[in-house]
Amino acid sequence: MADLTDVVIVPHTHWDREWYLPFQVFRVRLVEMVDRVLDQLEADERFRFTLDGQLATVDDYLRIRPEAEPRIRRLVADGRLAIGPWQVLLDQFLVSGETIVRDLRLGWERARGLGGCMVVGYLPDMFGHVAQMPQILRKAGIERAVVWRGVPAAIDRHAFRWIAPDGSEVTTEYLPDGYGNGLLLLERPELITERLEALQEQLGPFFGADPLLAMYGADHSTPAADLMARIDAFAATPQRWRLRVETLDDYLGAAPPTGPVWRGELRSSARANVLMNVTSARIDIKVAMGRAERALSRYAEPLGALWGRPGYEPFLDLAWHKVVASSAHDSICGCSIDPVMDQVLVRLGEGAQIADTVAERAVGAIAEGVAIGDMAVANPSPVGRRDVVELRTSIPETWLSVAVELPDGSRASAQELAREASMLLDQTMPPDLVREFFGRIHGTELFGRYVRDWRIVTAGETGAGDGGSDRDGASGPRLEIDVVEAPDPGTFELSVMRRHLDAATAREDGSWRVVVRAASIRRLAANVPAPALGWSGLRLVEGEGTLDEPVSVATRRLANSRLAVDVTEDGAIRVDALEDGQGRASGVGRLVDEGDFGDTYNWAPTADEQPIVAPLETQVVVRERGPVRGVMEVRSTYRWPLAAAPAGTGRSPDTADVAVTTELELRAGEPFVRLRVMLENPCRDHRLRFVAALPRPAGHSSAEGQFAVVERGLTIEGGHGEVGQAAFPASAFVDAGGLAILLPQVTEYQLEEDGRAIGLTILRATGYLSRDANPYRRDPAGGQFEVPGAQCRGPWSLAFGLYPHTGSWVEADVVGQAERYRHPFLVAAGTGPAGGLLGAGEGLAVDGNGLTLSALRRDGDWLELRLACETPEGTPLIIRGPFQEAYEADLLGNAGPQLAVQDGSVRLKIAPWEIRTLRLLAPRARG
């Protein structure tokens, strides 16, 4: 018996909810599979099953088989059916750190509700793993993880110590041959011994004397109905193998913290494809995810928690479920068939719609304390700051200049952007058509505005809802209608106007003139302050205001005291950081187009690739001339091939002339320029990038994402037949060589030219889910399904910012500049009683260096606050707000030690790269 080799068999399935088939098709198969598994578990108490670590499989099943819930509860409680801890198996790099937390929390809470959660960070098929995952798991009470992709060649044992940037550590089980290495082990009894020997040969170097782990399952697999009988039959014959069936929880329960050490993210393709270019597949999905995440975690939840009314929490829960469902790796990665991608976009759109509406309600509650005619701005940041806002309002035509009055009595300059036409209709028509015109009025709505008053002017009399007179002196009968922006209940009754008109038309022959007027509207821009997570009232007044660091605009130049932006004759964009009017760091960027003979997983070049850099022509158009905001457009025309050659030998000789507009926007006081690249894409099989020469050569990049800023080199470890492209994702920013690129969503970048330039992917068009003959990958990543939607033809745009600076990203406060770029103020018109003083209110303020706000949400009378220290140095932390008590908490929301609250503040120290969660007692104001 001493010579027996133990083999632990873990029956499981890996269930992609949507991928090469739509969700509902896969759910039919899921229900069939789980039906069989439950029967097997109940038929043989020795059988165990691990249900892929994601509760979505259970929820999707119970939606069809609700009567099976008691069966699942019993099996979970008995420890024979392992579920959780995730809601879905997400892609860690393509979502925010907060989405990872919510995914874990949703899955954990659901699993606990069903009888128990597998306390394992099961990460079997993600395309690499983020640096902070060990800390995320540990702060949820999980000490063990399981991974496959991304593990570097330096890890030569099946168990290793994985350490996050803050020092948190999890014991991690590495699956050297993936999660399906035992799938065929027991399929043919006469081959079991031979297959076990092959398994021993393959896994022996990693496991040594430890029991071998055989993962009996694969994508959408169902265990053999007679699995236990096969194991019994094999055990009945003399063997040197001892097989036992366990869940992953059972197998890892006795695993001690041992093995080699790895610090930080796992993105190597040494032994498995890491599929690095999913970041740039279907970029529209990434844009939609980033928008929904920000709308939820940085607007709806925090502003609603501090300023909104109760009752909206169920909406926010629904929105988070939409976002989390879309974060599954085959969904957010963009590597699924077109019907799946359509459904993902709908879910993310719904999540953003809910969040936008809840945030609008919160700001609307603020606006009730601001007088009609004034404006309210809301700041989503946990620090007081300024932002440029657009104000759309009615101003007397006689005002020669306009300023914005602030609560402290000071005035800010206002820049007029546009005036909207006040005459919406001026048309002569016969009386019968005038009566038909009433059909356009729905309640009080007309032309997207609302009727406030009206007048009927005839040759003999003036009758009106307001007794108005002949304002323009024109002869002949006419109907005049005044409309306003917001409904004014009780001021207009359609039947009254119709009765007056019927009487007037009976007396007046001939045509009538119908005039619909709106108040004269001006669009203004102003740079205004607001307190941390708070609000400020604004009032437009006649006169001049002040403005620091105004923007000047020339034919090809935007500048303020901190930055100059120039457009060269060939359309390239040069940015210079200024100090005392002199350039201190500069970079030059231009668009570069090249072929793509890859697929949604891996970009690959066409043969003899000749990137297209030079436009056919370029025109620069100034749209806004400052001083608050300067905007210009670089309008260039490029000639691009329509597609790749069929065998990837080059690009098509057929071409299209493509107009590309790059919008440049510089604001007063900001040290970065905002860019948006816009085009109508007619071409297939190509990649468009913005490539910028760096102010100075860089040996590495620093990319923000998922609670950390990760340093990455110029190369990446390849292998397993996959070319190691150093193409990486960045969330809020990427910084290299004195240039930070600020981002509103996860975006792909790559350092090139030996660190002298950085490329940002704007568009990647490809036609296959997975191409069998991908030049940059040996093994297919999926089926060779055509995905025309991934060609991204039609309207396209992508936004980013350029921030050249001296010093490091820490010294240049790139974290703070990204916060300003990503989170604009919200604006609402006041709805409170007219008159009164302007007010302002602080919500919750966080003082410290390099801090990011991940979440502020309400849970009854409690606020849950989550911060991350995104800096290599810790910082003193002061939290000030309307709370009475404060407690430490874990990522699952469980309260820990109480903290001292003094003068409405909590003071503590946050460590480098630490994720910190607090629970704050802050009952809502009653009444």
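Helix α7 (residues 227-235) lies across β1, β8 and β9. Its direction runs at about 160° to β9. Helices (H or I, at least four residues) and strands (E, at least two) are DSSP runs, numbered from the N terminus. Axes are lines fitted to C-alpha atoms, for helices over the stretch in contact, and angles run from 0 to 180 degrees between N-to-C directions.

This is a predicted model, in which local features need pLDDT of at least 70, side-chain atom pairs count only at pLDDT 80 or more, and totals for chains, interfaces and linings use all residues. Residues are numbered from 1 along each chain as its sequence is written, and side-chain values use heavy atoms, leaving out hydrogens and water.

Now the sheet. Three strands form an open sheet in the order β8-β1-β9, with parallel pairing. Two strands pair if DSSP finds at least two bridges between them. β8 (212-216) and β9 (241-245) each have a single partner strand, so one side of each lacks a neighbour in the sheet. Neighbouring strands are turned by 25° against each other on average, direction ignored. Five bridges join β1 (residues 5-11) to β9 in the parallel sense. Ile9 has Val245 of β9 as its bridge partner. Helix α6 (residues 192-207) packs on the sheet and touches β1, β8 and β9 (contact means heavy atoms within 4.5 Å). The direction of α6 makes about 120° with that of β8.

Turn to Ile83, in the loop between β3 (81-82) and α4 (97-113). Why is Ile83 called buried? Its relative accessible area is 1%, and buried means under 20% (exposed is over 50%, partly exposed in between; 1.4 Å probe, protein chains only). Ile83 touches residues including Leu51, Leu55, Val58 and Met118, not counting residues up to four places away in sequence.
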